[in-house]
Amino acid sequence: MTYGDHEVIRPENKLRKAVTDTPLAAGEDDPVARAEQALAELSSEFAGWMEEECERLDKCRQTIVARGVTENAKTALFHAAHDIKGQAATLGFPAVAAIADSLCRLIEYTPQPNRIPIKLISQHVDAVRAIHREYARSDAKELASQLNHKLRDVTDHFLVEENKTRPDIIEQITGSPPLTPA
């Protein structure tokens, strides 16, 4: 469709060709049902896999505490947090993902990673581990949300201070242009 000053382009939905509306015949193989069954069979392993991811994240933190924020340590910590962020929902711990995301942002947007306070890294790692450990509690999601908001506020404050000379980064961090000139 073309309007006075712009055109709306609707891309072809290529996924539509891969999906059928025709119901399966009785006894016909259903790959979606097989995938769901396989996932259900694996689900008993999810808590253990999440525990392994939390241990990996903690080991990365321990390396940073012992040796400082080296390039290798920073990269390992970022990948561990990023993997948790991406897998948490699939493994049944979606409330953990937001804190892992906050840690990724902290690492990604800090121009001089050796200036990241170890205490802030530890608070993120401890929060991920605590939320995972206490996930069965009825108030776990609410506590995770509160913890995430506090960590996110502290992280954003740190990132804004560290990026005072980079207004484009501040805009990415806060979602709005900086209120004060650089």
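This is a predicted model: local features need pLDDT of at least 70, side-chain atom pairs count only at pLDDT 80 or more; totals for chains, interfaces and linings use all residues.
Where does Pro113 lie? Pro113 sits in the loop between H4 and H5.

Pro113 counts as buried, because its relative accessibility is 17% and the cut-off for buried is under 20%. What is Pro113 in contact with, once neighbours within four places in sequence are left aside? The partners are Val69 and Lys74. Now look along the chain to Ile131. Pro113 and Ile131 are 18 residues apart in sequence. In space, their C-alpha atoms are 26 Å apart.

Lys74 leads us to helix H3. This helix covers residues 71–87. Both Lys74 and Glu71 belong to H3. They are three residues apart, about one turn of the helix. Their side chains meet in a salt bridge, with N and O 3.3 Å apart. Are the two partners buried or exposed? Glu71 is exposed, with a relative accessible area of 52%. Lys74 is buried, at 18%.

Some salt bridges share partners. Asp58, Arg61, Asp126 and Arg129 are joined into one network in this way. The side chains of Asp58 and Arg129 form a salt bridge, 3.6 Å from N to O. Asp58 is in helix H2 (residues 46–67), while Arg129 is in helix H5 (residues 118–133), so the pair ties together parts that are 71 residues apart in sequence. Asp58 is buried, with a relative accessible area of 10%. Arg129 is partly exposed, at 32%.

How many salt bridges does the structure hold? There are 14. Another is formed by Arg34 and Asp29. Here the closest N and O atoms are 2.8 Å apart. Asp29 is partly exposed, with a relative accessible area of 45%.

Next, compare two helices. H4 runs over residues 94–109, and H6 over residues 140–162. Their axes come within 9 Å and cross at roughly 10 degrees. That makes H4 roughly parallel to H6, because angles under 35 degrees count as roughly parallel. Which residues make the contact? On the H4 side they include Ala95, Ala98, Ile99 and Leu106. Asp101, Arg105 and Tyr109 of H4 also take part. On the H6 side, Ala144, Leu147, Leu151 and Phe158 are among them. Asn148, Arg152 and Asp156 of H6 take part too.

Finally, go back to the start of the chain. Tyr3 lies in the segment before helix H1, which spans residues 31–42. Tyr3 is partly exposed, with a relative accessible area of 40%.

Asp21 is exposed, with a relative accessible area of 60%. That value puts Asp21 in the exposed class because the cut-off is over 50%. Ala140 is 119 residues from Asp21 in sequence. From C-alpha to C-alpha, these two are 40 Å apart in space.

Terms used
Residues are numbered from 1 along each chain as its sequence is written. Side-chain values use heavy atoms; hydrogens and water are left out. Helices (H or I, at least four residues) and strands (E, at least two) are DSSP runs, numbered from the N terminus. Buried means under 20% relative accessible area, exposed over 50%, partly exposed in between (1.4 Å probe, protein chains only). Axes are lines fitted to C-alpha atoms, for helices over the stretch in contact, and angles run from 0 to 180 degrees between N-to-C directions. Angles under 35 degrees count as roughly parallel, over 145 as roughly antiparallel, 65 to 115 as roughly perpendicular and the rest as oblique. Contact means heavy atoms within 4.5 Å. A salt bridge is a side-chain nitrogen of Lys or Arg within 4 Å of a carboxyl oxygen of Asp or Glu.
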